[in-house]
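Open the model in your viewer and keep the selection tool ready. This tour goes from one stop to the next.

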Amino acid sequence: MAVRVHIAAAILTLAFAVVHASDPSPLQDFCVAVPDANAGGKLSITMKNLMTVLFNIFVNGKICKDPKLVKPEDFFFPGLNKPGSTANPLGSNVTAVNVNQIPGLNTLGVSLARLDFAPYGLNPPHTHPRATEILVVLEGTLLVGFVTSNPGMNMKNKLFTKVLNPGDVFVFPEGLIHFQFNQGHTNAVAFAALSSQNPGVITIANAVFGSNPPISPDVLTKAFQVDKNVIKYLQSQFWWDNHYYP
């Protein structure tokens, strides 16, 4: 009988996951994430593996820590006042702080990032598949922008772009390709809030030309309408990841 109850609960969880495709809404004060399901509490021995799969794959979120074991440190992250290293070909560094750095963010639908730019540093075109981003500039001058999704037959994607100075705020809608470029002669610093505990990032050039295994050059030659040697050259490059997860 107990097994049937667990199976029914698992099916209901799966059904809920099918219709609930964004960050989970909290049903309690907090749900501090634990690093693995074994620390999450009293799962049935016979149903343990199935329930673990449902919680960690089908449901956006993680197993909750026993509230009696929660500490202030579960809601804390130090050191975001320190600049990230921009000593890379892009001249930028994104220090991400999401549910993997602050377990207490689980189910709360928000995360944060610090963006550091050397002069003429670039955070290249990318998307956050699960989050809208709002960015505020603290130091320097940034050229920012995003491109709309495909508008229709014989119409071009529209670019929305703006030059930001200290104190300026700009929003990048969820899932749209966007970028930030330091067009000044000094370093620039910005902070971004994102509407997901784990927004994810897809850097366009890295994904298209640096995938493993690589996308067929025939596919990319046709897609970009360039010589195959150009595609092979791009695929041979090292595509730098400027995102840092402490």
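Start with two helices. Select α4, residues 217-224, and α5, residues 228-235. They pack at an angle of about 115 degrees, and their axes lie 9 Å apart. The crossing of α4 past α5 is right-handed.

Now show the side chains at this contact. On α4, pick Pro217, Asp218, Leu220, Thr221 and Phe224. On α5, pick Lys228, Ile231 and Gln235. Colour the contact residues by type: four are nonpolar, two polar and two charged.

For one of the bridge pairs, pick phenylalanine 146 and its partner in β6, phenylalanine 160.

Finally, colour by pLDDT. The protein chain averages 85, and 80% of the residues score at least 70. Then select residues 5-21, where pLDDT stays under 50. The model has 16 contacts beyond four places in sequence for this stretch. Move on to residues 52-59, where pLDDT also stays under 50. Here the model has 17 such contacts, beyond four places in sequence. Where pLDDT is low, the predicted coordinates should not be read in detail.

Definitions and conventions: Residues numbered from 1 in each chain as written. Heavy atoms only, no water. Axes fitted to C-alpha atoms, helices over the stretch in contact; angles between N-to-C directions. Helix = DSSP H or I, 4+ residues; strand = E, 2+ residues; numbered from the N terminus. Left-handed = near helix turned anticlockwise from the far one by under 90°. Contact = heavy atoms within 4.5 Å. Nonpolar A, V, L, I, M, F, W, Y, C, P; charged D, E, K, R; others polar. Pairing = 2+ DSSP bridges. pLDDT = per-residue confidence, 0-100.
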